[in-house]
Amino acid sequence: MGELRRAGAGRAPDRGQDQRVSAGWGQRELSRIQFSRLCGRVWTPEGGTAGEPTYNADVYVFALHTARSHAEYDPLDVAQWSFYVTSRANVAEGGHASAGLAAVQRLCGEPVGYRELADRIAAV
């Protein structure tokens with residue numbers, strides 16, 4: 001993770017994560033993917049909490065754990081994660097407080113793996 005922090009130096013990334021399989025209990029079907037809190041109210045010591053929510057990250061990284069069964073589920077295996085990356089402008093253009101997987105795919109295009117993540121963040 002250190003290389004990710006260096007790649008985004010000086011930028012404020014926002015990370016959301018979701019998974020299709022819930023750990024710890026049985027499921028009849030895969031979970032619906034939903035990323036929330038895309039915008040929020042900022043707080044400063046001078047002004048307190050802002051009146052209106054805004055999009056506050058420079059880069060948005062949506063992390064999706066891709067396991068489709070409990071047998072293969074390993075949250076520490078970076079190969080099981082896909083990352084969707086986009087700019088604040090792209091997220092703000094839609095004006096949504098949350099987004100499902102299809103909307104994230106439209107916003108971000110093709111996902112990248114962990115090894116490509118730092119480069120994708122730097123490119124946004």
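Select Tyr-84. Beyond its neighbours within four places in sequence, Tyr-84 is in contact (heavy atoms within 4.5 Å) with Tyr-60, Val-61, Phe-62, Leu-64, Leu-101, Val-104, Gln-105, Cys-108, Gly-109 and Pro-111. This is a predicted model: local features need pLDDT of at least 70, side-chain atom pairs count only at pLDDT 80 or more, and totals for chains, interfaces and linings use all residues. Residues are numbered from 1 along each chain as its sequence is written, and side-chain values use heavy atoms, with hydrogens and water left out.

Next, the largest nonpolar core. A nonpolar core is a set of buried Ala, Val, Leu, Ile, Met, Phe, Trp, Tyr and Cys residues joined through side-chain atoms within 4.5 Å; buried means under 20% relative accessible area, with a 1.4 Å probe and protein chains only. This core has 14 residues, and Leu-38, Tyr-60, Phe-62, Tyr-84, Val-91 and Val-104 have the most contacts inside it. β5 (59–65) and α3 (101–108) each give two or more residues to it. A second, separate core has ten residues, including Val-61, Ala-63, Tyr-114 and Ile-121.

Now the rings. Pairs need centres within 6.5 Å; planes under 30 degrees apart count as stacked, over 60 as edge-to-face and the rest as tilted. The whole structure holds three aromatic pairs. Select Tyr-60 and Phe-62: they are stacked, 6.4 Å centre to centre, with 20° between the planes. Tyr-60 counts as buried because its relative accessibility is 2%.

Last stop: Phe-83 and Tyr-114. This pair is tilted, 6.5 Å centre to centre, with 55° between the planes. Phe-83 lies in strand β6 (residues 81–87) and Tyr-114 in helix α4 (residues 114–123), 31 residues apart.

Methods:
Buried means under 20% relative accessible area, exposed over 50%, partly exposed in between (1.4 Å probe, protein chains only). Helices (H or I, at least four residues) and strands (E, at least two) are DSSP runs, numbered from the N terminus. Rings of Phe, Tyr and Trp (its six-membered ring) pair if their centres lie within 6.5 Å; planes under 30 degrees apart count as stacked, over 60 as edge-to-face and the rest as tilted.
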